[in-house]
Amino acid sequence: MNRLELLKKMFQQRRLGFMLDETMTGTHHFVNAAGPDGEHPMSFHVTWGTRHLASYLRPFQPGFLSSFLEGTVDIGGLVQGAACRGTLDLRYFSEAKIRYCFDFKDEAGRPLHYVGEKVDLRPWNLHRTHTTCYGTVTDIRTGQDISRSILRFELGSLPAFLASFRLA
């Protein structure tokens, strides 16, 4: 079966989707005496997208502009190369934000949760708001925040980001 036939079959079966690879880098600091003082490096490298484009683009449905997310996260003083899995929600119309949510475990197996947001998305400030993500790491068991971060999407990585687009 050639690519065109495969694409046609995927579309007919409503299995057409997409994936992108994204890297965010920056710094974090521990809060509530959860780790060493000072700024520490932080980054995540994830693949996000949807396997069902029709559902993804359907307004007023629970999965509207919500995609899977999986990859790895590095948080200085906490984890190195930890597997992460969650969602990326494009909330342009309802809240003018993009939200990254994922779970991962530290070296001791403690379950942690990250929520990062690109906020105040407006057409005139996309160069700033689409590149800056404010995040918090929380201990799932206790509900206690343990880290706050500011990560950035480097504009120099835009060509690689766009080139990572693929049908799924």
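Tutor: Residues are numbered from 1 along each chain as its sequence is written. In this predicted model, local features need pLDDT of at least 70, side-chain atom pairs count only at pLDDT 80 or more, totals for chains, interfaces and linings use all residues, and side-chain values use heavy atoms, with hydrogens and water left out.

Student: What makes a run of residues count as one of the helices or strands?

Tutor: DSSP runs decide: helices are H or I, at least four residues, and strands are E, at least two. By that rule the protein has four helices and nine strands. Their order from the N terminus is α-β-β-α-β-β-β-β-α-β-β-α-β.

Student: Why is a set of residues called a nonpolar core?

Tutor: Because its members are buried Ala, Val, Leu, Ile, Met, Phe, Trp, Tyr and Cys residues joined through side-chain atoms within 4.5 Å. Buried means under 20% relative accessible area (1.4 Å probe, protein chains only). The largest such core holds 33 residues. Phe44, Trp48, Val73, Tyr100, Phe104 and Tyr114 touch the most other members. The largest share, five residues, comes from S4.

Student: How many of the residues of the protein count as buried?

Tutor: Of its 168 residues, 40% do.

Student: What does Val73 touch?

Tutor: Contact means heavy atoms within 4.5 Å. Leaving out residues up to four places away in sequence, the partners of Val73 include Met42, Phe44, Val79, Cys84, Phe102 and Phe104.

Student: What share of contacts links residues 24 or more positions apart?

Tutor: They make up 48% of the contacts with a separation of 6 or more.

Key
Buried < 20%, exposed > 50% of the residue type's maximum accessible area, 1.4 Å probe, protein only.
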